[in-house]
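Welcome, and thanks for taking a look at this one with us. Please have the sequence and the 3D view ready, and follow along section by section.

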Amino acid sequence: TQWPVFGNVFPEEEIRRMLQKHNGFWPVAIYAVPDGTVVKTKNVLAVVVNTDPEIPFATTWIETALLRAAWYSSTVATNSREIKKVIMKYLEASGDPSGINFKLHDFGARGASSFETAGLGSMSHLVNFMGTDTMIANLFAMKYYDAEGPIGFSISASEHSTITSWGKENEKEAYRNMIKQFGAPGVTFACVSDSYDIYKACLMWGSLKDELIASGATLVVRPDSGDPVQVMWECLNILENYFGSAKNAKGYKIINQVRMIWGDGITKLTIETILRTLVNVYGWSADMFAFGQGGALLQNVTRDDQKYAMKCSAVMRSGEWHDVFKDPITDQGKTSKKGLVTLFRTDEGEYITAQAENLTQMHYSALRLRYRNGAAYNEMTFDEVRANAKI
């Protein structure tokens with residue numbers, strides 16, 4: 001069979017050399033910033049150096065795989081961390097900051113483009129939080145970071161079908177069943193309550209007050225339709241009327257045994273808007289609220305968000321290193337870094353990109369050797385990643 005030829009160059013000799021001399025491993029050294037490190041954009045995060053001059057294309061050919069492995073996870077983690085900073089601000093002002101770990105819950109598995117996307121994305125989110133319904137994140141952390149147990153957790157919760165299957169006329173009985181199934185001292189369970197009329201649903205929950213209080217559980221009401229500020233405010237008023245509220249030590253209101261989560265259309269901006277209004281204007285503690293984020297967390301990110309790119313910056317000719325860079329006259333924002341670039345940490349703790357004098361200096365920069373000719377170095381645990389990203 002004659003197959004069509006697209007292009008006329010395939011480096012068979014070099015590929016065979018890779019198999020025979022390097023046992024099939026890619027002949028490069030990769031230096032990278034430790035996972036979880038917070039570095040501003042437009043800094044070098046990883047450097048790839050060829051280790052076999054007979055295979056000169058080794059650095060460039062791994063661009064797609066390496067860049068894809070870096071940009072997605074770190075962009076998800078960055079967005080998640082920025083949201084954490086917003087929520088933490090309101091917790092510090094009105095509530096208990098120790099509750100931050102479960103304030104942003106991952107709802108994104110079904111909206112991700114693949115099984116792998118969901119696993120990597122949720123694991124990245126869990127660098128900052130501990131709440132997720134994307135449980136494959138635990139498998140990924142065990143596989144890639146040798147996690148000894150789960151890194152993410154969830155609670156018992158209804159979905160619309162487990163409420164609507166009771167029929168509209170039996171909606172209250174569906175809620176009563178939630179208390180029977182999950183109500184126990186110290187237990188928290190969530191119930192999506194906007195299947196029909198969220199305000200009537202809150203009245204139904206109010207009528208079940210004695211049963212909920214007797215169970216000792218905490219109910220998380222989920223009103224997921226409409227304008228979040230308006231709907232949450234009205235729901236809070238109804239629930240407060242039944243369950244009562246108390247002011248915490250900081251002077252902000254908390255409803256007894258009831259909390260609230262909003263999981264529709266959540267972004268950093270909507271969270272800021274919700275908390276600014278409900279906390280600053282209406283006096284509710286941020287302890288009252290949690291948020292669920294789906295597509296905006298795991299899917300609505302691109303390589304351009306954090307300006308990720310991988311470019312050749314230096315080439316060795318006749319035993320000497322020479323700078324390589326691009327500098328488009330029509331867009332100087334695309335000018336690439338040149339030389340043996342690496343990352344340094346200043347005495348003030350800031351990270352800056354600068355040229356190394358030689359490859360040996362790479363070992364004394366903020367980058368660490370992570371891979372060389374098939375061997376992994378400086379591997380990390382997930383706890384170490386979390387510690388690096390701590391706010």
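## A parallel pair to start from

In this predicted model, strand β6 (residues 218-222) and strand β9 (residues 258-262) run parallel and are joined by three bridges. A handy landmark on this pair is V220, which stands opposite R259 in β9.

Helix α10 (residues 228-243) packs on the sheet here, where it touches β6, β9 and β10 (289-293). The direction of α10 makes about 165 degrees with that of β9.

## The six-stranded sheet

Stepping back, you will find β6 and β9 in an open sheet of six strands, ordered β3-β10-β9-β6-β5-β4 and paired in parallel. At the edges stand β3 (104-106) and β4 (156-157); each has a single partner strand, so one side of each is left without a neighbour in the sheet.

Another helix to look for is α11 (residues 268-281), which lies across β3 and β10. Relative to β10, helix α11 runs at about 165 degrees.

Is A286 buried or exposed? With a relative accessible area of 2%, A286 falls under the 20% cut-off and is therefore buried.

What is A286 in contact with, once its neighbours within four places in sequence are left aside? The partners are Y90, L91, S94, K103, L275 and V279. For a sense of distance, A286 and S245 are 41 residues apart in sequence, and their C-alpha atoms are 14 Å apart in space.

## Where α3 meets α4

Now turn to helix α3 (residues 63-94) and helix α4 (residues 115-125), whose axes come within 8 Å and cross at roughly 40 degrees. The crossing of α3 past α4 is right-handed.

On the α3 side, the contact is made by Y72, S73, V76, A77 and S80, while α4 brings T117, L120, G121, S124 and H125. Sorted by class, this contact between α3 and α4 has four nonpolar residues, six polar ones and no charged ones.

Strand β1 (residues 28-32) is mostly covered, with five of its five residues buried. V28, I30 and A32 point one way from β1, A29 and Y31 point the other way, and all are buried.

Which strands pair with β1? One is strand β2 (residues 46-50), which pairs with β1 in the antiparallel sense over five bridges; in β2, N50 is the bridge partner of V28. Strand β15 (residues 368-372) also runs antiparallel to β1, joined to it by four bridges. Here A32 stands opposite R368 in β15.

## The protein as a whole

To finish with the overall picture, the protein has 13 helices and 16 strands. Its C-alpha trace spans about 85 × 60 × 45 Å along the principal axes.

Of the 391 residues in the protein, 43% are buried. Among contacts with a separation of 6 or more, 67% are between residues 24 or more positions apart.

Notes
Residues numbered from 1 in each chain as written. Predicted model: local features only at pLDDT ≥ 70, side-chain atom pairs only at ≥ 80, totals over all residues. Heavy atoms only, no water. Pairing = 2+ DSSP bridges. Helix = DSSP H or I, 4+ residues; strand = E, 2+ residues; numbered from the N terminus. Contact = heavy atoms within 4.5 Å. Axes fitted to C-alpha atoms, helices over the stretch in contact; angles between N-to-C directions. Left-handed = near helix turned anticlockwise from the far one by under 90°. Nonpolar A, V, L, I, M, F, W, Y, C, P; charged D, E, K, R; others polar. Buried < 20%, exposed > 50% of the residue type's maximum accessible area, 1.4 Å probe, protein only.
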